[in-house]
Amino acid sequence: MIDVSKGFSRRQFLTHTSCFGAFYAAAQMIPLPALAAELAIDSRVSQTPIVDKGFASVRKIGNGLYATISDPSKGNTTLCNGGFLAGKDAALLIEGYTTPAGAAFQMDALRMVSQVPVKGALDTHYHFDHSMGNAFYGVNGIALWAHATASKRIVDSYSPLQGTDKGAVLGPLEKRVKDAKSDGERTHAQSDLNAVTGLFQIANASILSLPNHPIDPAKLPMSIDLGGLTAVVESHPGHSGTDIVVRVPEQNVVYAGDLLFSGWYPVCFDEKATISGWRDTLKKFAALDKDTLFVPGHGQICGQEGIATLREVFDDIAAQAEKMYKAGVPVEEAQQRYAVPEKFKNFPVYAWGFTIGPAIAKLYGEWRAN
Ligand SMILES: [Zn+2]
């Protein structure tokens, strides 16, 4: 029975924590750094958020431009970053977040600053933390845009997890933790188990809701006139095979989705992720105006230094992997042997087998193919 007078009952609390316990164990390790000093003096970036709920805050970053920045250590309502663009005639919302409550939070923030009709919402890609809250848009009759293959990827990736035996999904990962040959290998395996446990729980707690406005990448770039504010939608390779970015060239602002992890190790596990493609995309971002402001998919808002840093992270993974590749180290061993250098030691690793491990495997694959 729910004791409303005391908020969560003990039973509810226990259910909640056992569902998300492992996931929070991972997410709590990922605090959000403060806004960088360079951005504290950037006149486009408001120092005070228009709303801050802990799990995410929303701040103005330009004329009609807002960024929603998540702090995963404070809950999984949103998990990823996004934002919205509000012109004189219409608004565009970015991301479906991890839960409908996350998408609703962002909609409420929009309504604090503008009453213009919403032209649509856009998932920057299909991954769960950007799309599991899509149902909010469905229920409110808001058109949901995404890469043309995003709907299929959502169904193919997440519906098999629903209603299935948890042991069948997590068993092999638990075995890897048990059979680990070293502490390092065990830590890596445990991080993967935590991540998949979280994904399993979130997939089973969610109603999948699919984008109904597919964007054909062959027809991009596409300009959207919101009334005195023009957004340009582009597609670039790298993170998921479904990646869409929203640029506002007139104000040098880019909503980059997960093509940019700011101060994090990049998540590279996707079967459609390509390391060479991603590094090319980052090179293109680096060639944009020096005053470009980026809203990353994860981590804090950044300028060009955030792009430079992620390129350095990829360079380091590639340099260590290449040495091992040339020395004949098998890929499985190389994946375990990568050492996080001192300068990136505070960079969150969401899970080893979602970030560094697959980056090295994909690099090996690219070198073998040459
Ligand atoms: Zn992603």
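Q: In which sense do strand β12 and β13 pair?
A: In this predicted model, strand β12 covers residues 253-262 and is joined to β13 over 6 bridges. Within this pairing, G257 stands opposite P296 in β13. The sense in which β12 and β13 pair is parallel.

Q: Which are the edge strands of the open sheet?
A: The open sheet is formed by 5 strands in the order β9-β10-β11-β12-β13, with mixed pairing, and its twist averages 30° from one strand to the next. An edge strand here pairs on one side only, and that holds for each of the two strands at residues 222-225 and 293-299. The edge strands are therefore β9 and β13.

Q: What angle does the direction of α10 make with that of β12?
A: Helix α10, which spans residues 304-326, packs on the sheet and touches both β12 and β13. Its direction makes an angle with that of β12 of about 25°.

Q: Is α9 roughly parallel or roughly antiparallel to α10?
A: Helix α9 (residues 275-286) packs against α10 at an angle of about 155°, with the axes 10 Å apart. Because angles over 145 degrees count as roughly antiparallel, the orientation of α9 relative to α10 is roughly antiparallel.

Q: How many residues of the contact of α9 with α10 are nonpolar?
A: On the α9 side the contact includes I275, L282 and F285, while α10 contributes, among others, I307, L310 and F314. The residues of this contact also include 1 polar and 2 charged ones, and the number of nonpolar residues is 8.

Key. Residues numbered from 1 in each chain as written. Predicted model: local features only at pLDDT ≥ 70, side-chain atom pairs only at ≥ 80, totals over all residues. Axes fitted to C-alpha atoms, helices over the stretch in contact; angles between N-to-C directions. Helix = DSSP H or I, 4+ residues; strand = E, 2+ residues; numbered from the N terminus. Parallel < 35°, antiparallel > 145°, perpendicular 65-115°, else oblique. Contact = placed C-beta atoms within 7 Å. Nonpolar A, V, L, I, M, F, W, Y, C, P; charged D, E, K, R; others polar.
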